[in-house]
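Take a look at the protein below.

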Amino acid sequence: MRPDDLTPAQFVQYPPEAQQLAIAHLAMLKHLPLALLPLLLRETIAYDWKFPIERKDLEHQYDYLTAMTADDLRGTMAPFAQLKLTAELELVDWVNKPGEFSERLTAHLWASHQIDAFRTASVNYVHKLNASAPVEKLPAPRLAMVAAGQGVAETQTAVFRKLRPYGVHFTNVKPEDGLAALREKVAARARQYPQPFAHWHIDGANISPEPGIASVCFDGLAGVRSKLVDKMRRVMQPGGGGPETLRTMLAEMRPEDVGLSGAASDAVLNRFAISVLTEGSGTQIFATTFVQWSAREVLRRAQPLTLLARFTPRFREQSMKDLLAGTPHQPMPDPDGSLVDAGMGAFYTWINLQRLAGAEQSRFLVWFEDHREAVAVGPGMKPNTTSSEETRLEEIIGRMES
């Protein structure tokens, strides 16, 4: 099927809002080349489960393309239209399975040595698209906070070494009620700036939902993770289908397949949790990996005003010697190794924060949980300096926001 063959009936399997969006712009979609259209539909089919900022970006793309004259649209799409595709690609159900089409398209572009042309066309298109988007002022500077090192009594590790050059290293923080102070800060900003999915709490332990705060937690998803890992093991057993079947299964996973609610009221957050568990490597098994990947995806997708990410200990991996010997595995927490993981996770979280609009005004805090060390980065925090003055976390946050 070619793009100009599209009809409203072909979107009947889309979720309600995605279907409305596609049909409302059907005339424009029919003029897009096959090398690009399914990629736009891949984003469209998930419209009902996207975060507000993602919806706004997708709506802008539709408006941007629809507002073009026929000549402008033809000129913008020319680099994609010039790519030579095969008849087999046209036979793929790219309306309802745009992800499958994308995989086959990528393989074809590599095999036909057109991948560089496609990449250039994509970069130029996205650059023009982003340049046309209106710049919206944030209601407040972004604030990201990380708690790391739960369960560590003492350590010889130079904590947060990679972050110290960018801010103030506090060495005399009062640890009492530190975690409560971070949680209260998230709650206070949620009350002050009430926006859907603008304030997040990600945790390795189980946490209770709070009004105005989106949350995901590793322990709270224990049952979901167990069901998912069981499905993965069955696929990877002899006769189960192997890696390609596993990839397809994970890509098509729905919340209700692993015990999560499929209700519309839970759809966005549950779909996000599934994406973390099916797209991340190790997020199903390691608490530290789950928190790091979740923080990355929240910053990339939801672009929140406030984020609290708390790392808890992961379990120690079984040694190769024990695996080969068939020794029964008794999971043991590894707080010291988890602190190293969390230190890198905090650094990556700060890097991802810098990629968002308003990064120059953003604030970042990482605290060695139940200990006296913290690093604060942002305006007013002199880079590569140390403070031994006794202080509290809420006082540091107050200085960052002043």
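Of the 402 residues of the protein chain, 47% count as buried. Keep in mind that this is a predicted model. The protein chain exposes about 20300 Å². Carbon and sulfur atoms supply 53% of that area.

**Overall build**

The protein chain holds 16 helices and eight strands. Its radius of gyration is 24 Å, close to the 21 Å that the globule rule gives for 402 residues, so the chain is as compact as a globular protein of that length. Along the principal axes, the C-alpha atoms fill a box of roughly 70 × 55 × 40 Å.

**Two contacts of helix α8**

Helix α8 spans residues 115-132. Two of its partners are described here. The table lists the geometry.

| Helix pair | Distance between axes | Angle |
|---|---|---|
| α7 (residues 98-111) and α8 | within 7 Å | roughly 120° |
| α5 (residues 70-81) and α8 | 9 Å | about 155° |

How do these angles read in words? Start with α7. Its axis and that of α8 cross at roughly 120°, and the two helices are therefore oblique to each other. On the α7 side, the contact is made by Leu 105, Leu 109 and Trp 110. On the α8 side, Ile 115, Phe 118 and Arg 119 take part. By class, this contact of α7 with α8 has five nonpolar residues, no polar ones and one charged one.

Next comes α5. It packs against α8 at an angle of about 155°. An angle over 145 degrees counts as roughly antiparallel, and α5 and α8 are therefore roughly antiparallel to each other. Thr 76, Met 77, Pro 79 and Phe 80 come from α5. They meet Phe 118, Ala 121, Ser 122 and Tyr 125 in α8. The residues of this contact of α5 with α8 divide into six nonpolar, two polar and no charged.

**Loop residues: buried or exposed?**

Thr 391 is found in the loop between β8 (385-387) and α16 (393-401). Is Thr 391 buried or exposed? Its relative accessible area is 6%. Buried means under 20%, so Thr 391 is buried. What does Thr 391 touch, leaving aside its neighbours within four places in sequence? It is in contact with Phe 170, Asn 172, Val 173, Lys 174 and Ile 396.

Gly 239 sits in another setting. It is found in the loop between α10 (222-236) and α11 (242-251). At 84% relative accessibility, Gly 239 counts as exposed. Gly 239 and Glu 136 are 103 residues apart in sequence. In space, they are 53 Å apart, C-alpha to C-alpha.

**Two positive phi angles**

Most residues other than glycine have a negative phi. Phe 197 has a positive phi of about 60°, although it is not a glycine. This residue lies in the loop between α9 (178-192) and β3 (199-203). With a relative accessible area of 23%, Phe 197 is partly exposed.

Asp 370 has a positive phi too, at about 65°, and it is not a glycine. Asp 370 lies in the loop between β6 (363-368) and β7 (374-377).

How values were computed:
Residues numbered from 1 in each chain as written. Predicted model: local features only at pLDDT ≥ 70, side-chain atom pairs only at ≥ 80, totals over all residues. Heavy atoms only, no water. Axes fitted to C-alpha atoms, helices over the stretch in contact; angles between N-to-C directions. Helix = DSSP H or I, 4+ residues; strand = E, 2+ residues; numbered from the N terminus. Parallel < 35°, antiparallel > 145°, perpendicular 65-115°, else oblique. Contact = heavy atoms within 4.5 Å. Nonpolar A, V, L, I, M, F, W, Y, C, P; charged D, E, K, R; others polar. Buried < 20%, exposed > 50% of the residue type's maximum accessible area, 1.4 Å probe, protein only. Rg over C-alpha atoms; globule rule 2.2 N^0.38 Å. Areas by Shrake-Rupley, 256 points an atom, 1.4 Å probe, with all protein chains shown as cover.
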